[in-house]
Amino acid sequence: AALTPHSGQWKVAILDPVDRLTEEAANACLKVLEEPPARTLFLLLATGVHRLPTTLVSRCHQIRCFPQGVDRVASYLRDKEELEPPIAQMLAVSCGGRLGLALQFHRTDLLKARNSALDQMLTARQKGELEIPLGKAPREEIVESLEWYAGWWRDLLVLALQGESDWVIHQDRIEELKRAGVGQKQSIPELIRQVERAYWVQEAVQKNASARMALSVLLNRG
C-alpha cells in the first residue's frame with residue numbers, strides 16, 4: 001500500500017473474501033483503513049456484513065451487490081454465449097441468478113467438480129464413511145462444496161414442501177432429487193436440520209477448523 005502508483009493515478013487493493021480474515025488480520029487491516037495511503041482505494045469483498053468486525057465496517061462505505069436474477073442471466077447466456085434455452089435456464093437456476101458463477105460453470109469444469117464433490121459426500125453419508133478425498137482438498141474448495149451439499153438438502157426440502165421445480169438449485173439432477181425424496185422419506189424438520197448442519201460445518205471450516213474432522217461430523221448420520 002505504501003508504493004507509489006506508476007501507470008495510473010490510483011492504486012486499487014482488492015481483499016476477497018475479507019470475511020474470512022482472522023481477528024489479527026482484521027485488526028491489521030483496520031490500521032491501514034484508519035490512515036490510508038494517498039491515492040489508494042481498498043475494496044473489501046464479503047458475503048455479509050454480519051461476518052465482519054463492526055470496527056471494520058464502520059470505516060467503509062457499503063455497496064450492496066445482488067444477483068442479477070434467473071431470467072436476466074438465462075437471457076444473457078442465450079444471447080451472448082449462444083446456449084440452448086434449456087441449458088441456459090438450467091445454469092441460471094443452478095447458480096442462483098449469479099452471472100459470474102454461471103459463466104464459470106459454462107466455461108470450465110466447475111459443474112463437473114461440483115457434482116464430484118457432492119457425490120463424494122452423499123455416497124459417504126449413505127455408506128457411513130467418515131473419511132473422503134475431499135477432506136484433503138484446498139479449504140476454499142471444501143467451503144464451496146459444502147454450499148452445494150447444503151443446496152442438495154435445501155432442494156429436497158423444496159420438493160417435500162411441494163415447491164416449484166424451477167426453485168430447485170441442482171437443476172441438472174432434478175430427477176435424482178425426486179427419486180431421493182421418494183425413497184428417503186425424511187421429515188421436514190430433518191431436512192431443515194441437514195441444511196443447518198451443512199452451514200454450521202461450512203462456517204467452522206471457514207474459521208480454520210480441521211476440514212477432515214468437520215466433514216466427519218457432517219457425514220455422521222447421528
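**Helix packing**

I noted that α5 and α6 are roughly perpendicular to each other, in what is a predicted model. I found the angle between α5 (residues 99-107) and α6 to be about 90°, with the axes 6 Å apart; angles of 65 to 115 degrees count as roughly perpendicular. I listed the residues that make the contact: Leu 101, Gln 104 and Phe 105 from α5, and Leu 110, Leu 111 and Arg 114 from α6. I sorted these residues into 4 nonpolar, 1 polar and 1 charged.

**Nonpolar cores**

I looked next at the largest nonpolar core, which has 32 residues; Met 121, Leu 134, Ile 142, Leu 146, Tyr 149 and Trp 152 touch the most other members. I saw that α6 (110-127), α7 (139-160), α8 (174-184), α9 (188-206) and α10 (211-219) each supply at least two of its residues. The largest share, 10 residues, comes from α7. I recorded a separate core of 15 residues, including Ala 74, Leu 77, Leu 91 and Trp 148.

I then listed the contacts of Tyr 149 beyond four places in sequence: Leu 118, Met 121, Leu 122, Arg 125, Gln 194, Ala 198 and Leu 218.

**Backbone**

Most residues other than glycine have a negative phi, and most peptide bonds are trans. I found a cis peptide bond from Asp 16 to Pro 17, and placed Pro 17 in the loop between β1 (11-15) and α1 (23-34). I noted a positive phi of about 55° at Glu 82, in the loop between α3 (70-79) and α4 (85-94). Glu 82 is exposed, at 69% relative accessible area. I also noted Asn 208, with phi near 80°, in the loop between α9 and α10; Asn 208 counts as exposed at 58% relative accessibility.

Notes. Residues numbered from 1 in each chain as written. Predicted model: local features only at pLDDT ≥ 70, side-chain atom pairs only at ≥ 80, totals over all residues. Heavy atoms only, no water. Core = buried A, V, L, I, M, F, W, Y, C linked by side-chain atoms within 4.5 Å. Buried < 20%, exposed > 50% of the residue type's maximum accessible area, 1.4 Å probe, protein only. Helix = DSSP H or I, 4+ residues; strand = E, 2+ residues; numbered from the N terminus. Contact = heavy atoms within 4.5 Å. Axes fitted to C-alpha atoms, helices over the stretch in contact; angles between N-to-C directions. Parallel < 35°, antiparallel > 145°, perpendicular 65-115°, else oblique. Nonpolar A, V, L, I, M, F, W, Y, C, P; charged D, E, K, R; others polar.
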